[in-house]
Amino acid sequence: MNYRAVVMYMEIGGFVSCLCGWVLVCSTLPTEYWTFSEVGTIVLTTGNYYSNLWRDCVSDTTGVSDCKDYPSMLALPAFLHGCRALAICAVITGFFGGVLTLVGMKCTKIGGSEIANARVTFAGGVTYLVSGLCGMVTYSWWANKVISEFLDVNFRAQKFELGAAVFVGWGGSVLLLSGGTVLTYFSAKEGLPKIDSSAARPQRPATYATARTGRTYRRPDTSSRAARGPPLFYEGGRSREAVKTRLTFNRDSFV
């Protein structure tokens, strides 16, 4: 099995993981069991209270249930607005991540060259990572709010517990993050250019000519730690060193 086949199978696995995670995240939005609370008044009658991002519901042991939307959007707490926005962003980015991944995968053969497909797949993997991150923040923020109120001894209102939708959302977010990581890793190795620092650095010419003397000089080696001397010039096929005369003095010169 060659490397291209391995990358193709890994892309398929990552895409299936992201698709399952996105479906799980989408399934939690209409589900009412984000939080629930059970209140028993009489032995034969028990009231169940549960809610989600959009409504509050109540049911009893007789099977009668009733749900009511939140009356005012502006009167809702800030964390509920944040959870709504992040959940919708997770669904939207997951959808576009699936479209980009389908176009850029090696097994679909929809795009152009291999490098172009790898770059499209990389964009889809990054979009999936954003979707999984939004979902993870949404469910973690909601769970932190519910747990902090449940453990607070000074909180006198009705206390709730975590519902099944939060755990399903956590699982879907983990699948999105893991699948997006696989897609970005294998597509980045092929699609993103490798930058060579030595090649990107401009090279200085080894020799240069001066207009005054008309001679060609060679630049000294900058990597050497030896003492730099005057430049060498080329004349008549041979190199000669332009040296400067140094005046030397001794003690007898001043007598």
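I began with helix 1 and helix 4, whose crossing is left-handed (the near helix is turned anticlockwise from the far one by less than a right angle; clockwise would be right-handed). This is a predicted model, where local features need pLDDT of at least 70, side-chain atom pairs count only at pLDDT 80 or more, and totals for chains, interfaces and linings use all residues. Residues are numbered from 1 along each chain as its sequence is written, and side-chain values use heavy atoms, without hydrogens and water.

Helices (H or I, at least four residues) and strands (E, at least two) are DSSP runs numbered from the N terminus.

**Helix 1 with helix 4**

I looked up the geometry next. The axes of helix 1 and helix 4 (residues 164-191) come within 7 Å and cross at roughly 155°. Axes are lines fitted to C-alpha atoms, for helices over the stretch in contact, and angles run from 0 to 180 degrees between N-to-C directions. Helix 1 and helix 4 are therefore roughly antiparallel (over 145 degrees; under 35 is roughly parallel, 65 to 115 roughly perpendicular, the rest oblique). I sorted the residues of this contact by class: 16 nonpolar, twelve polar and two charged. Nonpolar covers Ala, Val, Leu, Ile, Met, Phe, Trp, Tyr, Cys and Pro; charged covers Asp, Glu, Lys and Arg; the others, Gly among them, are polar.

**Helix 1 with helix 2**

Helix 1 (residues 3-28) packs on helix 2 (residues 78-104) at about 155°, with the axes 10 Å apart. That makes this pair roughly antiparallel too. I noted the contact residues (heavy atoms within 4.5 Å). Helix 1 brings Phe15, Trp22, Val25 and Cys26, while helix 2 brings residues including Gly94, Phe95 and Gly98. I found no charged residues here, but eight nonpolar and three polar.

**The largest pocket**

I then turned to the largest pocket, with a volume of about 470 Å³. A pocket is an open set of points on a 1 Å grid over the protein atoms alone, where a 1.4 Å probe fits, with protein on both sides within 12 Å along at least five of seven lines; lining residues have an atom within 4 Å of a point. Grid points are joined across faces, edges and corners, and the volume is the space filled by probe spheres set on them. I find 24 lining residues, with Thr35, Ser51, Asp56, Tyr70 and Phe160 nearest the centre. Helix 3 gives the most, five residues. By class, the lining has 15 nonpolar, three polar and six charged residues.
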